[in-house]
Amino acid sequence: MTYYHSLSCAIIVFSLLFTDVKPDLAADKAVLLALRTAVRGRTLLWNTTESSPCIWVGVQCRNHRISELRLPGMGLAGKLPENTIGNLSQLVTLSLRFNALSGSLPSDLSSLGNLRNLYLQSNQFSGPIPTFIFSLKNLVRLSLASNNFSGPISSDFNKLNRLGTLYLEKNQLSGQIPNLDFPGLVQFNVSDNLLSGSIPEKLSSKPESAFSGNDLCGRPLTSCNGNGTKSRVKFSIGAIAGIIGGFVVVILVILVILFLVCRRRGGKKEEVRVFRSSEVVIPKEKKNVVDEDYLSAAYPGSNGKGESVSGKKLVYFGKTEKGFDLEDLLRASAEVLGKGTFGTAYKAIFDSGTVVAVKRLKEVAVPEKVYREKIECVGKMDHENLVPLRAYYYSGGENLLVYDYMPMGSLSALLHGNRGAGSTLLNWKVRTAIALGAARGIAYIHSQGPTVTHGNIKSSNILLTTSYQARVSDIGLAQLVGPNTSPNRVNGYRAPEVTDARKVSQKGDVYSFGVLLLELLTGKAPTHALLNEEGVDLPRWVQSIVREEWTAEIFDVELLRFQHAEEGMVQLLQLAISCSAQYPDTRPPMTEVALKIEELHTK
């Protein structure tokens, strides 16, 4: 038996040496099945009866081989086994981010010679950064952030001369940063580690945030002294005592001033409330708007008696019940909701319990006749996906607009205000429903005439009901208030052809809506100054990722939890890219956009 066994082994070895053995898709499939057996996770429930693994969730193929394996946020736990993923020799992208994988990285990953993108952030990997990483010469993007890697940062990183992204933040890395020199390095972060010493000159152009949370010095942080540590100022005991004494005196003076102020205010307290990321001091006990001081802050057009200076009245629209007049409005208790592009918004609560939203516009830049015509046009609009304009007041320098109050606030606040709570409520169905409602509302606006536009579509102007139905607000205000002082696309939503905020075409609205869709899909705010590369806006960032064929990295991590929606997410992404096309003529009309979103939402 030993003889025959040895003979069989020899035949196998001989065949491997002299036969052109090429791993095929079946071998790649076997690798994935071995991986599924080794790690626990709720998403590796692949249908093994399918002949090809290329249609499995998170798997993409090219030339009959697996080229991408993306399993982010899938609840994977345990250790990556040896001799599995390393056998996917044609792998270009490996993404296992936002899981609970632990232990050290398997050494067979060194066999992935074609690997360009490696995303392992937000796991529990530990131990030193493995040396085999430095043999992956084609790596362009590497993220090991938010793990438990320890030990020094090796100078062998310089061997990865194609590297453009290196994220090592939030680990336990120690020692000094080596003199790293990557010709194409754009994104770099080693913050929140145990690093010390001076920052290498080659990395001094990176932002402070890339090095914070360490014991580092040198540009862009504080300067170093001769031994490469943070300079320290030594004080004598007398100097320290003097500083403490002076500090105590200052505290006593402040306390006396506060005591006097409190006495003057009669013990009234104030609290800070945050409305749409703005800190506004609001009296704890709500004041009546007619209060002289508070009135001037809320509605300066009043004379303090609940009457307008000019004696004019509110103008109502449609079927609005005249359950309140200007005097009631001015006497209502008010809270500041936020300050926007066109003015300040308030929540007004009447004695009867009725609640409305009031917008006090900044200086109007058009004649009164034009203003009234535009407002009348908006007031007549009647659609379930618009925030109804109930009434308005116009008197020279005082302009008030009265709307229905939307208790859930804006899409922007929900999407970006609290990533731990708000965004989790926005599952795939809710996001497509919001997109559909907004699209229908904008399509209705455009149906009022070829020159009728919204002019300022953005997530903060998409308000939500308690059932998360979208309502488009601030319709037409862009044409009434003075132009933005900066004609470039600082707000991230403006179409490239728009140079005057008061002159936005319907195609410009379509562009802005396309950016809004990208915001829903990525979870990124278009107004953010940095989107992976300095100066790159959201549409161009998305398009660059699509060109690089790592599309799954675009989507908000909250959306990646919904496997069944991947096809719909890609289709909505394609629609968003079409809407935000560079040239206006290539953008689809809003009626067509709404129909396509409806198809996705009802699937």
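Buried means under 20% relative accessible area, exposed means over 50%, and partly exposed lies in between (1.4 Å probe, protein chains only). The model is predicted: local features need pLDDT of at least 70, side-chain atom pairs count only at pLDDT 80 or more, and totals for chains, interfaces and linings use all residues. Residues are numbered from 1 along each chain as its sequence is written, and side-chain values use heavy atoms, with hydrogens and water left out.

**View A. Cys-377, a partly exposed cysteine.** The relative accessible area of Cys-377 is 34%, so this residue counts as partly exposed.

**View B. Cys-579, a buried cysteine.** Cys-579 has a relative accessible area of 0% and is therefore buried.

**View C. The disulfide of Cys-54 and Cys-61.** A disulfide is a pair of cysteine sulfur atoms within 2.5 Å. Here the sulfur atoms of Cys-54 and Cys-61 lie 2.0 Å apart. The link is left-handed, with -100° about the S-S bond. Cys-54 is partly exposed because its relative accessibility is 23%. Cys-61, at 28% relative accessibility, is also partly exposed.

**View D. The disulfide of Cys-217 and Cys-224.** The two sulfur atoms are 1.8 Å apart. The torsion about the S-S bond of Cys-217 and Cys-224 is about 115°, which means that the disulfide is right-handed. Cys-217 is buried, at 1% relative accessibility, whereas Cys-224 is partly exposed, with a relative accessible area of 27%.

**View E. The pairing of the bonded cysteines.** The structure holds two disulfides. When the bonded cysteines of the chain are numbered in sequence order, the pairing reads 1-2, 3-4.
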